[in-house]
Amino acid sequence: MGKKTIHDFYNMVETGEKIVYLTAYDYLTAKMEEKAGVDMILVGDSLGMVSLGYDTTFPVTMDDMVRHCQAVRRGAPNTFIVGDMPYMSYQISDEQAVANAGRLVKEALVDAVKLEGAGPQVTSRIKAITEAGILVMGHIGLTPQFMGQLGGYKAQGRSAKAALSLVKQAKLVEEAGAFSILVEGVPAAVGKAITERANFPVLGIGAGSYTHGQLLIYADMVGMYDNFTPKFVKKYSNVGEVLTNAFADYVKDVRNSQFPDDTQHTYGMKEEERAEFLALLEKEEK
Ligand code: KIV
């Protein structure tokens with residue numbers, strides 16, 4: 001199966017087939033996700049927390065994003081990849097936004113970029129990037145780059161007025177030219193209202209079951225990232241525990257000289273070479 005295009009995503013919306021979207025930040029994970037049949041991969045700026053150990057997404061740079069998008073592209077050559085625009089890579093001007101979106105396409109071969117917000121500046125950036133020929137995914141709701149203004153990492157659109165405002169924001173993003181939108185951390189009723197009114201694919205993360213597709217942060221759903229788990233995450237595995245146990249077994253084996261095993265994990269040598277080697281060594285050291 002070749003790489004999906006926006007036409008496939010629009011067809012999936014038409015036929016009601018759900019779009020499966022998952023984050024990845026490195027080659028190995030991307031390879032496994034492609035093998036598993038994920039439709040779309042997001043190299044999110046959640047990279048900052050998941051792979052780089054920061055507390056927020058703010059310190060993530062364009063160079064970080066380019067490097068990780070490149071690794072994900074190598075791991076998933078046949079999957080549609082969305083590269084996130086990190087904090088301060090698009091806020092300053094349309095020119096800055098187009099140049100940085102262009103870097104993700106040119107240097108890391110992503111298929112689309114994603115940026116947060118729906119205010120007049122952001123819709124201007126969406127328009128400018130789209131006019132440069134690059135696909136843009138919008139992102140509204142719980143937008144981590146607006147953490148200060150949102151007053152923390154909490155669900156959005158829970159009051160009637162805030163819910164209505166999100167429906168309007170989704171329309172603004174659509175009208176600005178985005179090919180799709182991600183809606184994060186909102187009540188299911190808001191996810192549904194946005195999806196019913198949209199003319200483009202609506203992906204949800206913590207936005208209920210009605211959206212055209214679902215996104216999760218892979219490290220949450222496999223049980224690797226345990227600093228904080230949002231309510232909307234379903235855990236499909238406990239890879240963190242599996243890995244920690246494997247590391248602990250290795251620590252024990254090395255300390256007890258149980259690893260490596262001389263018959264299983266060690267390179268051998270022909271007997272005559274070994275005998276000659278010992279003889280040479282003895283001569284050398286006389
Ligand atoms: O960076 C990211 O992974 C994201 C998701 C949290 C939606 O933008």
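Begin with the two domains: colour residues 6-242 as domain 1 and residues 244-284 as domain 2, bounds that come from an automatic or database domain assignment. The centres of domain 1 and domain 2, taken over C-alpha atoms, are separated by 48 Å. This is a predicted model, in which local features need pLDDT of at least 70 and side-chain atom pairs count only at pLDDT 80 or more, while totals for chains, interfaces and linings use all residues. Residues are numbered from 1 along each chain as its sequence is written, and side-chain values use heavy atoms, with hydrogens and water left out.

**Helix α4**

Next, select residues 62-75, which form helix α4. Helices (H or I, at least four residues) and strands (E, at least two) are DSSP runs, numbered from the N terminus. From its first C-alpha to its last, α4 reaches 20 Å over 14 residues, close to the 20 Å expected at 1.5 Å a residue; the expected span is 1.5 Å times one less than the number of residues.

Is α4 mostly covered or mostly uncovered? Ten of the 14 residues of α4 are buried, and the helix is mostly covered. Here buried means under 20% relative accessible area, exposed over 50%, and partly exposed in between (1.4 Å probe, protein chains only).

**Residue L109**

Now move to L109, in the loop between α5 and β4 (112-116). L109 counts as exposed because its relative accessibility is 55%. Leaving aside neighbours within four places in sequence, L109 is in contact (heavy atoms within 4.5 Å) with R73 and L104. Select N199 as well: L109 and N199 are 90 residues apart in sequence and 26 Å apart in space, C-alpha to C-alpha.

**The largest cavity**

Finally, select V167, A170, K171, E174, I194, R197 and A198, which line the largest cavity. A cavity is a set of points, on a 1 Å grid over the protein atoms alone, where a 1.4 Å probe fits but cannot get out; lining residues have an atom within 4 Å of a point. The largest cavity holds about 40 Å³ of space, a volume being the space filled by probe spheres set on the points. Which helix gives the largest share of the lining? That helix is α8, with four residues.

Note on methods: 1 Å grid on protein atoms, 1.4 Å probe; cavity = no way out; pocket = protein on both sides within 12 Å on 5 of 7 lines; lining within 4 Å.
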